[in-house]
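This report describes a structure in terms of its annotation, its domains, its chain contact and its helix packing. The sequence and the structure come first.

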Amino acid sequence: MIEVSGLHKQFSQNILYKDYRISFTAPRVCIEAPNGQGKTTLLMMLAGLEQPQSGQILFAGKVLSEPYKQVAIASDRIALPEFLTAKQIINLTVSSLGCDWPTALISGFNFSDFLATRFDALSSGNQKKCQLILALMRGAPYLLLDEPSAALDQASIIYLLGLLDNYLADKAHGQIIITCHEPAPFIEHGFECVPL
Amino acid sequence: MSKLGIKLEIAQYRSFMQYRYQAYKIELAQLLQQLKNFGLLFLVVLGSAMLGMILLLFLGLGKIIDSIDAPQYGAQMAWLYLLLQSVMLSAMKSAIQNSQQRLFQRTIVRSNWLKLMDIKLLLLSNGWLLASAVIALDLNYSQWLRAPHFVLFMLLQFSLGVLCLYKPRALIYGLVFTAILVLLPINIAPLAYHCGFIILFALSMLLPAFSLSDRLSVNALFTFWLSFFMQHSRVLVWRVALLLCVFMAITTLLNERADLEAIFNVIAAAFMVLFTSSLQFDCGKLHDKYQLFFQANNQSRLFFISQFMPSCLFFLIILSSYLLFVAQIEWLLLSLSVGWSTLQLYIAQKKPAHYALVWMITTGVLLAVLT
């Protein structure tokens, strides 16, 4: 379970969260809110990549000292090196984190033909696939996906849903949290909608 | 085509020309704004030295024209001019072509109009070629007989401008091959050097695309930075080009006034520190852009430290080159330069607005104390 309490986050004069608290109890959660309400910012704070002004985030009752080990995130907010090819970006992450080369994910997303393409030359759908591969290959117990189906083709959405169905099978306390403006397919696959 | 049709066509072309001139002016203004952001004080200093730089430009052209007695030196000077011109035009390329609206332009006019306007704006932008044209108009018949290679040099200036717009890869290959040619210990006439330049640039156009960086196995921060610099070589090329100018100027000055070596060394050190430590502005931008990616990969701290390495390494390479090929620097200035470079790196990171001020004050203090 992920618990957020007393969260305060503002960008200059714009207050996004003020003494905000929420608990994500379901194993699969889909956060729903209109644009600009802070869904992505919340995911970034959960992943430890953005710091709130105050507040606490607990994962199974504990504050994570090294979130990168247990939380994986895919978001457009994390700029990937656009001058590298997709293969080089994946390779860099594999080397940094010591994970295995994600052969199954690459073939599952039909991404093999695009490995040698520079990131900035990839279509938005393929850029999304690259982000998803980087997050999914870590096998982290907490998986945060920001708009995972945006720009994806139908076959890839089906493949992604299949992956998410089985993702938590070997992760007892794991959770998947996504943000999505078209949650219907995810709800069909057991995601619980939570408004911000 | 009827008279009315021709009139309409001319009116369309004139509208398109006005649009391109306007886009060119706006983009150039933005470029200058970026320079202002880099440091208003630099503009003040460089602005006051503008007359001197224009005189130097013509002096260098004189060396290229009158190179019968020292053809290799003349060829090296010509190569440096072509390099500097290429650096300048590469920076202005987007303004010349109105690259951002290129597809839009294709939807409104035929492609030969596009190219015609490109060439017009290229000629307008190429101050190096204009300076050569001014000199060429001033040469008399007997001078032309002594410098027939200058026609080829001007042809190269124009052609390299075109290459810069349409075949930048060939331009890079050509500059590398011609650099080798001017460094070879051979004794050939200036005309032969310039013919060699033309042949090498022409051959470069036939070479296939070759990207080393795509084949690089990026698995650590070192290869990440290496790949960045391979694909954004312009951030190094313009600095190396200007440092080459400084080195050549110092070499010439040392030949004339060896007694002022201490002053020349301080000036050289100042420019080495300036052009190498300012690389931190580029590296810092890259760090800010990708820090979240590396943070997610648990390499946040390493990535932060690594952003200073390119500037440090660049400084050491440039300093070693100066010591090897130009002049010796005394230990005190050498040690101070290393400290100064570190200070400029710190200022570039923490107080970028004060970067130019600190550089100028330090240069002044060192000139006063050490000379």
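## Annotation of chain A

UniProt positions are given here in the numbering of this structure, with feature names shortened, and such annotations may be inferred rather than shown by experiment. With that in mind, the unreviewed UniProt entry places the annotation "domain: ABC transporter" on residues 2-196 of chain A. The model itself is predicted.

Within the model, the span of residues 2-196 of chain A is 32% helix and 26% strand. Its end C-alpha atoms are 14 Å apart.

## Contact between chains A and B

The contact between the two chains takes 19 residues of chain A and 19 residues of chain B. On the side of chain A that touches chain B, the element that gives the most is helix α3 (residues 86-97) of chain A, with seven residues. By residue class, this side of chain A has 12 nonpolar, six polar and one charged.

## Domains of chain B

Chain B is assigned two domains: domain 1 covers 52-209 and domain 2 covers 215-370. Taken over C-alpha atoms, the centres of domain 1 and domain 2 of chain B are separated by 28 Å.

Five residues from domain 1 of chain B and seven residues from domain 2 of chain B make up the contact. The domain 1 side of that contact divides into four nonpolar residues, one polar and no charged.

## Helices α4 and α10 of chain B

Helix α4 (residues 71-97) and helix α10 (residues 168-183) of chain B have axes that come within 10 Å and cross at roughly 160 degrees. Angles over 145 degrees count as roughly antiparallel, and α4(B) and α10(B) are therefore roughly antiparallel to each other. The crossing of α4(B) past α10(B) is left-handed.

On the α4(B) side, the contact residues are Gln72(B), Ala75(B), Gln76(B), Trp79(B), Leu83(B) and Ser86(B). They meet Leu171(B), Leu175(B), Thr178(B), Ala179(B) and Val182(B) in α10(B). The contact of α4(B) with α10(B) contains seven nonpolar and four polar residues, and no charged ones.

## Helices α15 and α18 of chain B

Helix α15 (residues 261-277) of chain B packs against helix α18 (residues 309-325) of chain B at an angle of about 150 degrees, and their axes are 9 Å apart. This angle makes α15(B) roughly antiparallel to α18(B). Here the crossing is right-handed.

From α15(B), the contact takes Ala268(B), Met272(B), Thr276(B) and Ser277(B). Their partners in α18(B) are Ser311(B), Phe314(B), Phe315(B), Ile318(B), Leu319(B) and Tyr322(B). Seven residues of the contact of α15(B) with α18(B) are nonpolar, three are polar and none is charged.

## Helices α15 and α20 of chain B

Helix α15(B) also packs with helix α20 (residues 355-370) of chain B, where the axes come within 10 Å and cross at roughly 160 degrees. The two helices α15(B) and α20(B) are therefore roughly antiparallel to each other. The crossing of α15(B) and α20(B) is right-handed.

In this contact, α15(B) contributes Ala262(B), Ile263(B), Val266(B), Ala270(B) and Leu274(B). These residues meet Trp359(B), Thr363(B), Leu366(B), Leu367(B) and Leu370(B) in α20(B). The residues of the contact of α15(B) with α20(B) comprise nine nonpolar and one polar, with no charged residue.

Technical notes: Residues numbered from 1 in each chain as written. Chains lettered and ligands numbered in written order. Predicted model: local features only at pLDDT ≥ 70, side-chain atom pairs only at ≥ 80, totals over all residues. Axes fitted to C-alpha atoms, helices over the stretch in contact; angles between N-to-C directions. Helix = DSSP H or I, 4+ residues; strand = E, 2+ residues; numbered from the N terminus. Parallel < 35°, antiparallel > 145°, perpendicular 65-115°, else oblique. Left-handed = near helix turned anticlockwise from the far one by under 90°. Nonpolar A, V, L, I, M, F, W, Y, C, P; charged D, E, K, R; others polar. Domains from an automatic or database assignment.
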